[in-house]
Amino acid sequence: MTDLADSKMIDTGEAPAATGPRLPDLPADALIIVPVRNFVMFPEVVMPLAIGRPVSINAAQAAVRESLPVGVLTQRDAEAKEPGPLDMHRTGTIANVLRYITGPDETHHLIVQGEARFRIVEFLDGWPFLVARIERIEEPAPEGAEVEARFINLRNQALETVSLLPQAPQGLADAIRTIAAPGALADLTAAYLDIGTDDKQGILETIALQPRLDRVMTLLAQRLEVLRLSAEIGKGVQEKLGNRQREHLLREQMAEIQRQLGEDDGNSAEIAELKEAIAKAGMPEEVEKQATKELRRLERMPDGAAEHGIIRTYLDWLTELPWKLPEHKEIDIAQARAQLDADHYGLEKIKTRIIEYLAVRKLAPEGKAPILCFAGPPGVGKTSLGQSIAKAMGREFVRVSLGGVHDEAEVRGHRRTYIGALPGNIIQAIRKAGTRDCVMMLDEIDKLGRGIQGDPSAAMLEVLDPEQNGTFRDNYLGVPFDLSRVVFIATANMLDTIPGPLRDRMEVISLPGYTEEEKLHIAQRYLVRRQLEANGVTEAQVEIDDAALQAIISYYTREAGVRNLEREIGKVIRHAAVRIAEGSATHVAIGDADVTEVLGGRIFEDEVAQRTSVPGVSTGLAWTPVGGGILFIEATRMPGSGRLILTGQLGDVMKESAQAALSLVKSRAAALGIDTASFERSDIHVHVPAGATPKDGPSAGVAMYLALTSLLTGRTVRSDTAMTGEISLRGLVLPVGGIKEKVVAAAGAGITRVMLPARNRRDYDDIPANAREKLEFVWLEKVEDAMEHGLDPLPADAAAG
């Protein structure tokens with residue numbers, strides 16, 4: 001509103017000069033209408049009113065000249081520039097013009113005071129502004145306790161709202177306290193309430209007191225809630241700012257006191273120590289620049305500042321990492337070979353590949369060597385092979401366990417903005433090793449998880465890529481670190497769970513399970529000695545012979561590795577240690593008979609012969625994540641309607657193999673001498689024992705075909721023979737995987753003959769030599785080859801019958 005001191009004031013007693021023809025007199029019940037936009041006038045309220053349109057200016061000037069009240073009426077459509085009768089609401093407020101003010105910029109303002117509500121009866125013509133006959137609406141008298149209660153509640157609400165308003169009009173609170181009429185309080189509150197024009201018009205049109213009070217209280221309560229929340233937020237922000245300013249002032253005062261007393265030497269010594277550590281760390285230029293920048297921030301920061309500890313920890317990490325390139329260490333190939341032979345029995349192909357790897361590293365130390373991944377069942381020595389490589393290279397060995405890691409930050413680190421942030425496992429292992437050319441074992445890489453925090457296997461792609469890991473960037477450090485001199489060796493039990501791009505970055509070296517002969521040598525050379533030391537006895541006190549070790553291997557363990565074997569040896573030695581500790585013996589010799597006494601009855605028996613002594617039972621070979629194994633296919637026939645029943649928790653692929661085997665038998669029934677009509681009169685049940693263990697895959701096709709053929713022809717399957725291979729409906733035997741593990745398991749289970757697909761001859765060289773020496777190999781092209789070599793001839797009495 002224009003300042004009154006600089007405006008041309010026209011009082012109600014001095015109307016503007018009349019121009020043009022004299023206007024007709026107004027009827028007694030008529031009123032000059034001043035149309036307004038986005039504004040609602042209420043009775044008993046004094047408000048400024050800006051007018052600018054000719055129709056409004058003419059109406060206001062005529063009312064001032066004639067000393068008449070005006071009717072302030074709100075437009076329905078605020079966009080209408082020349083409103084007509086149809087554009088106006090029907091209820092407005094009679095108002096007296098207290099002042100008419102014209103500003104220097106020709107703006108027009110009214111100061112009006114509401115008097116009473118009115119309702120439009122009809123609009124009249126003949127004036128250059130809106131004129132209407134009206135019906136005055138008197139304020140109803142308050143009656144009843146309901147209105148009184150609402151009046152008191154509204155007053156309390158209004159007073160609280162005024163106290164929360166940042167720029168409330170002066171004297172508004174006093175006016176609210178002095179109002180004695182409920183309707184006047186409702187109108188005053190609505191006039192100053194920050195609500196929409198439609199809501200205010202609705203209150204103006206509500207004549208009855210109780211609904212008018214309810215409507216105003218509802219709108220006021222909503223606004224009051226917003227004001228309360230805003231005040232609470234503002235108070236919290238102010239308190240935080242006040243606390244920070246207070247803390248800052250106190251810290252500055254404390255620092256000044258310490259300087260005056262000469263007690264700030266500790267901080268200076270700390271800064272000098274860090275500066276010296278940065279200079280000696282041998283950092284690359286980019287890293288040193290970042291460290292110096294953070295050091296300057298730390299120097300200017302008080303000890304009690306929130307970021308002081310964060311920056312100090314960050315600088316500690318930067319200065320303690322091995323940035324300098326280590327001295328080149330010569331690799332002695334002969335010593336490396338001797339180290340591998342001393343630490344591991346067998347594994348000749350694996351050792352040969354490791355020696356090749358070391359030879360390349362010796363001849364081309366700056367070259368980008370492949371990332372090795374040892375894959376095999378648990379307990380076959382994958383982790384210890386990595387330790388042997390570190391010893392052979394004369395380097396530090398660190399192990400990073402990746403099993404169950406499901407957060408990308410475990411590999412790349414957390415950003416420093418988080419409380420308690422740390423670098424990832426890779427950088428932590430480098431710091432632990434204290435050198436950039438360590439041997440880092442990434443254990444259980446096949447068990448990396450994936451969660452909402454990201455995919456750690458994707459983060460490992462940069463770590464294991466020789467083209468990228470020279471500039472590995474940890475989120476915590478925020479600067480590149482060179483991992484190209486680290487010798488990475490990964491271990492895994494299963495390759496299927498490793499993502500393809502990650503597996504592509506590694507050279508996979510498979511470790512087969514051990515044969516019984518290899519386990520015996522390992523027990524003699526390593527396990528017994530280790531368990532003697534672990535249980536506090538010497539070789540002179542406890543002696544365990546080869547027969548006892550062989551018994552433990554054959555009848556108390558059935559695994560690809562040697563972990564359970566070591567546990568069982570430990571049990572036997574502890575039993576002897578008790579006798580020595582009690583003083584009942586000074587020397588204990590453990591033989592075959594003592595093993596049964598200590599470990600109890602045999603857990604595993606050679607049951608191949610008894611299982612295959614009846615028609616319908618064959619021995620198959622299986623692959624599992626912990627190595628190979630044998631499984632038995634049992635088939636029986638009963639009266640029925642030609643159904644095939646499958647049990648033993650078989651997967652879909654294995655069920656299809658059984659169906660294919662039965663279809664193949666049916667198609668060759670005549671050649672096999674089987675009555676085709678018998679299929680329709682009987683049901684065939686195929687069961688694979690160990691029903692609690694899930695089984696799947698196509699490699700049991702040959703074993704199922706021989707079991708069904710044996711059942712329907714009466715010829716038993718040879719008890720010394722195990723088999724594997726997928727079959728087709730044409731009778732072909734197709735290649736399968738896991739041949740090495742399956743053959744090792746067959747040799748360990750007492751099998752003497754194995755029948756394998758002819759297309760798997762390529763895997764023959766991978767089979768350990770001692771397993772090949774124990775077994776006779778039969779190579780199968782068709783199922784007829786399996787019948788020829790796998791079935792016993794019919795007994796003489798059956799053939800005669």
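Is Lys293 buried, partly exposed or exposed, and at what relative accessibility? In this predicted model, Lys293 has a relative accessibility of 46% and therefore counts as partly exposed, since the exposed class requires over 50% and the buried class under 20%. Lys293 belongs to helix H8, which covers residues 285–300. On the surface, Lys293 is part of a patch of positive charge, where it gathers with Lys289, Arg296 and Arg300.

A surface patch of another kind is nonpolar and is formed by Leu229, Ile233 and Val237, with an area of about 270 Å². Of these residues, Leu229 is placed in helix H6, a helix of residues 209–261. The relative accessible area of Leu229 is 49%, so this residue is classed as partly exposed; a value over 50% would be needed for the exposed class.

Salt bridges were searched for across the whole structure, and 37 were found. One of them joins the side chains of Asp187 and Arg117, with an N to O distance of 2.7 Å. Asp187 is located in helix H4 (residues 182–192) and Arg117 in strand E6 (residues 108–124), so this contact ties together parts of the chain that lie 70 residues apart in sequence. Both Asp187 and Arg117 are buried.

Strand E6 also contributes Glu122 to a pair with Arg133 of strand E7 (residues 130–137), a link between distant parts of the chain that are eleven residues apart. The side chains of Arg133 and Glu122 meet in a salt bridge at 2.8 Å, N to O. Arg133 has a relative accessibility of 26% and so counts as partly exposed. Glu122 is likewise assigned to the partly exposed class because its relative accessible area is 36%.

A further salt bridge, at 3.5 Å from N to O, is formed by the side chains of Arg753 and Glu776. Arg753 lies in strand E24 (residues 753–757) and Glu776 in strand E25 (residues 776–780), and the pair therefore connects parts that are 23 residues apart in sequence. Arg753 is buried, because its relative accessible area is 3% and the limit for this class is under 20%. Glu776, with a relative accessibility of 42%, counts as partly exposed.

Some salt bridges share partners, and in this way Arg117, Glu139, Asp187 and Arg212 are joined into one network. The bridge between Asp187 and Arg117 described above involves two of the residues named in this network.

Backbone geometry was also examined. Glu44 is a residue other than glycine with a positive phi, near 65°. Glu44 is found in the loop that runs between strand E2 (30–36) and strand E3 (46–51). The relative accessible area of Glu44 is 53%, so Glu44 is exposed, the threshold for that class being over 50%.

Glu444, also not a glycine, has a positive phi of about 55°. The loop that holds Glu444 lies between strand E10 (439–443) and helix H15 (456–463). Glu444 counts as partly exposed, because its relative accessibility is 24% and burial would require a value under 20%.

Terms used: Residues numbered from 1 in each chain as written. Predicted model: local features only at pLDDT ≥ 70, side-chain atom pairs only at ≥ 80, totals over all residues. Heavy atoms only, no water. Patch = residues over 30% accessible without salt bridge, like charges linked within 9 Å, V, L, I, M, F, W, Y side chains within 5 Å. Areas by Shrake-Rupley, 256 points an atom, 1.4 Å probe, with all protein chains shown as cover. Salt bridge = Lys/Arg side-chain N within 4 Å of Asp/Glu carboxyl O. Lys, Arg positive; Asp, Glu negative; His and termini not counted. Charge placed at Lys NZ, Arg CZ, Asp CG, Glu CD. Helix = DSSP H or I, 4+ residues; strand = E, 2+ residues; numbered from the N terminus. Buried < 20%, exposed > 50% of the residue type's maximum accessible area, 1.4 Å probe, protein only.
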